[in-house]
Amino acid sequence: MNIIVCIKQVPNTTDVRIDPATNTLIRDGVESVINPFDAYAIEEAVRIKERCGGKVTALTMGPLQAETALKEAISLGCDDAVLVSDRRFAGSDTWATSYTLAAAIRKLEGFDVILCGKQASDGDTAQVGPGISAHLDIPQVTYVKKISEINEKTAKVERMTEEGYDVVETPLPCLFTVVKEINTPRMPSMKGLMRAKAAKITKLTAADLDADPAALGLDGSPTRVVKIFTPEPRKGGEMISGSASDVAKELAELLKAEVI
Ligand SMILES: Cc1cc2nc3c(=O)[nH]c(=O)nc-3n(C[C@H](O)[C@H](O)[C@H](O)COP(=O)(O)OP(=O)(O)OC[C@H]3O[C@@H](n4cnc5c(N)ncnc54)[C@H](O)[C@@H]3O)c2cc1C
């Protein structure tokens, strides 16, 4: 079974700061890590390999420093790693990012399963996984919390919903995005760390992909970030006390005063 796991390197902070001049994330001085949800995707990919045999390839699109994330993926059990990196990808929105990743996946040795995290902790859109499946024209199941059955042809999975979960059967190849309930990621083994140190990361540039140059980077991005800002901290709330009916009356008056 050929399994591809898409990982994104993100800032190791929830305190994401924005450059007001460029409307982009300030990455300088912030340590980078594998997106937390992608650690669960890596673990699940390795577990599928352990159940069914095959190979796991970690894939990322990002700057050259993203090689560190790929080496970490190898230390956690991935067999190969591919870095898709080129200045021509700069300014990619989620559409262009998923187009580029799909083009890179077509260049690999075929695939049965693609795993992604539910969402990235910096961009937070949860669009890239579904975008890749759309560009590759394969089925997708999002928010997967359990892969109960899987073989070369089909998979049965549990998909988390607000009320509980759906049981979904799908033919392969298929793309899954996973939630943190799916497993407990393992720590890297000593053997894994040594393999990671020696590993050679395959690099793909725009010229290596059979991609439409107009669909890459800023030119290929139909969305534009017009404004991005950190919201003002909330002011303290006002406490209303008294009987339920008094509180309801006063609240209604306050709301009326706000609206009218
Ligand atoms: C107009 C515009 C311009 C932008 N310009 C830039 C820019 O110049 N530089 C920049 O860094 N960002 C830029 N971004 C942000 C960038 O588009 C997103 O960070 C990126 O598309 C991923 O989206 P996300 O973070 O919401 O990931 P999500 O969709 O939330 O991620 C879901 C999952 O998809 C996979 N995934 C996501 N991104 C990658 C990746 N790169 N490689 C492999 N797997 C991945 C992971 O499995 C992840 O868990 C721009 C966004 C817009 C809208």
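Predicted model: local features only at pLDDT ≥ 70, side-chain atom pairs only at ≥ 80, totals over all residues.
**Exercise 1. The ligand**

Which polar backbone atom is 2.8 Å from an oxygen atom of the ligand?

*Solution.* 
Step 1. Find the backbone atom: it belongs to Ala-120, and it is 2.8 Å from a ligand oxygen.
Step 2. Look at Val-128. One of its backbone N or O atoms also lies 2.8 Å from an oxygen atom of the ligand.
Step 3. Turn to side chains. An N or O atom in the side chain of Asp-38 is 2.5 Å from a ligand oxygen.
Step 4. Widen the view. The ligand is surrounded by 30 residues. The closest are Cys-6, Lys-8, Asp-38, Ser-92 and Thr-125.

**Exercise 2. Helices α3 and α4**

Describe how α3 and α4 cross, and list the residues that meet.

*Solution.* 
Step 1. Locate the helices. Helix α3 covers residues 94–107, and helix α4 covers residues 128–136.
Step 2. Take the axes. They come within 8 Å and cross at roughly 55°. Therefore α3 is oblique to α4.
Step 3. Assign the hand: this crossing of α3 and α4 is right-handed.
Step 4. List the contacts. From α3 come Thr-94, Trp-95, Thr-97, Ser-98, Tyr-99, Leu-101, Ala-102, Ile-105 and Arg-106. They meet Val-128, Gly-131, Ile-132, His-135 and Leu-136 of α4.
Step 5. Sort the contact of α3 with α4 by class: eight residues are nonpolar, five are polar and one is charged.
Step 6. Link back to the ligand. Val-128 is one of the α4 residues that meet α3, and its backbone also has an N or O atom 2.8 Å from a ligand oxygen.

**Exercise 3. Helices α2 and α5**

At what angle do the axes of α2 and α5 cross, and which residues meet?

*Solution.* 
Step 1. Locate the pair: α2 is residues 67–75 and α5 is residues 190–198.
Step 2. Read the geometry. The axes come within 7 Å and cross at roughly 145°. The crossing is right-handed.
Step 3. List the contacts. Lys-71, Ile-74 and Ser-75 of α2 meet Gly-192, Leu-193, Arg-195, Ala-196 and Lys-197 of α5.
Step 4. Sort them: three are nonpolar, two polar and three charged.

**Exercise 4. Backbone exceptions**

Which peptide bond is cis, and where does Asp-137 lie?

*Solution.* 
Step 1. Check omega. The bond from Leu-172 to Pro-173 is cis, with omega near 0°. Pro-173 sits in the loop between β11 (165–171) and β12 (174–178).
Step 2. Check phi. Asp-137 has a positive phi, near 60°. Asp-137 lies in the loop between α4 and β9 (140–150).

Note on methods
Residues numbered from 1 in each chain as written. Heavy atoms only, no water. Axes fitted to C-alpha atoms, helices over the stretch in contact; angles between N-to-C directions. Helix = DSSP H or I, 4+ residues; strand = E, 2+ residues; numbered from the N terminus. Parallel < 35°, antiparallel > 145°, perpendicular 65-115°, else oblique. Left-handed = near helix turned anticlockwise from the far one by under 90°. Contact = heavy atoms within 4.5 Å. Nonpolar A, V, L, I, M, F, W, Y, C, P; charged D, E, K, R; others polar. Near = heavy atom within 4 Å. Polar contact = N/O pair within 3.5 Å; in protein donor to acceptor, adjacent residues only side chain to side chain.
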